[in-house]
Amino acid sequence: ELAANTKMLQKLGIDTVPELRSAYREAVGRHSASRGSSALKLEKAASVLDDGESRKIVKAAAQAQVKSMSVKGNWLVIVDVSGSMQHSIGVGVDIASLLAAVAEGQVSMAFTNTGVRALEATGKTKEELVNLTRNMTATGGTALGVALQAARANNFTPDGIAIVTDGADHGPPTFAQEYSRAAAIWGKEVPVYVYDVPGENF
């Protein structure tokens with residue numbers, strides 16, 4: 001909320017009144033250190049903060065969280081890039097770059113509509129992933145199951161799956177249809193985390 005309301009707070013004088021600026025930075029530092037501030041939230045807040053000192057505080061808190069984290073296994077990040085889902089690309093990059101920084105295994109991205117564009121995220125920074133996806137556009141229908149088909153075809157077995165989507169998975173194949181097949185082949189049920197990103201038409 002502090003980051004989102006920076007423009008309004010600037011009108012009230014946080015840039016020109018030393019006492020207000022000090023109180024603002026203190027509040028930013030306090031909330032950055034709170035348990036409710038995840039690394040993803042902190043990175044997003046840092047990207048919209050105008051105050052350089054506050055941005056440094058938030059980015060340092062995000063980096064400290066990342067350093068303290070460790071995620072086991074391989075991860076598949078499925079990003080819905082069907083029509084109206086342009087915003088999901090940036091969210092997918094945020095998630096994949098964080099996983100790439102903390103996962104002990106491989107991190108693979110699958111930008112999916114009715115086809116798949118694979119991108120290896122292992123070892124890459126957010127800036128590198130942003131550059132690699134800069135010209136990517138969201139178009140076409142939605143069949144998220146093809147991401148699991150591609151993973152199997154490439155002999156990639158994930159230990160966790162993150163999906164960025166608005167939930168309008170029409171298929172065929174849908175993710176649910178392919179998941180049971182994939183789990184049988186992998187010999188295990190892989191945990192799935194869904195990040196709800198509203199599409200432009202929803």
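**Exercise 1.** Work out how many salt bridges the rule gives and which residues form a network of them.

*Solution.* The count comes to four salt bridges, a salt bridge being a side-chain nitrogen of Lys or Arg within 4 Å of a carboxyl oxygen of Asp or Glu. This is a predicted model, in which local features need pLDDT of at least 70 and side-chain atom pairs count only at pLDDT 80 or more, while totals for chains, interfaces and linings use all residues. Residues are numbered from 1 along each chain as its sequence is written, and side-chain values use heavy atoms, with hydrogens and water left out.

Begin with Arg152 and Glu178, whose side chains form a salt bridge at 2.9 Å, N to O; this pair links distant parts of the chain, with Arg152 in helix α7 and Glu178 in helix α8, 26 residues apart. Helices here are DSSP runs (H or I, at least four residues), numbered from the N terminus.

Next, Arg181 meets Glu178 in a salt bridge of 2.5 Å, N to O, and because these two are three residues apart in helix α8, about one helical turn separates them. Arg152, Glu178 and Arg181 are therefore linked in a network of salt bridges.

**Exercise 2.** Classify Glu178, Arg152 and Arg181 as buried, partly exposed or exposed.

*Solution.* Buried means under 20% relative accessible area and exposed over 50%, with partly exposed in between (1.4 Å probe, protein chains only). Glu178, at 3% relative accessibility, is buried, whereas Arg152 at 24% is partly exposed, and Arg181 at 45% is also partly exposed.
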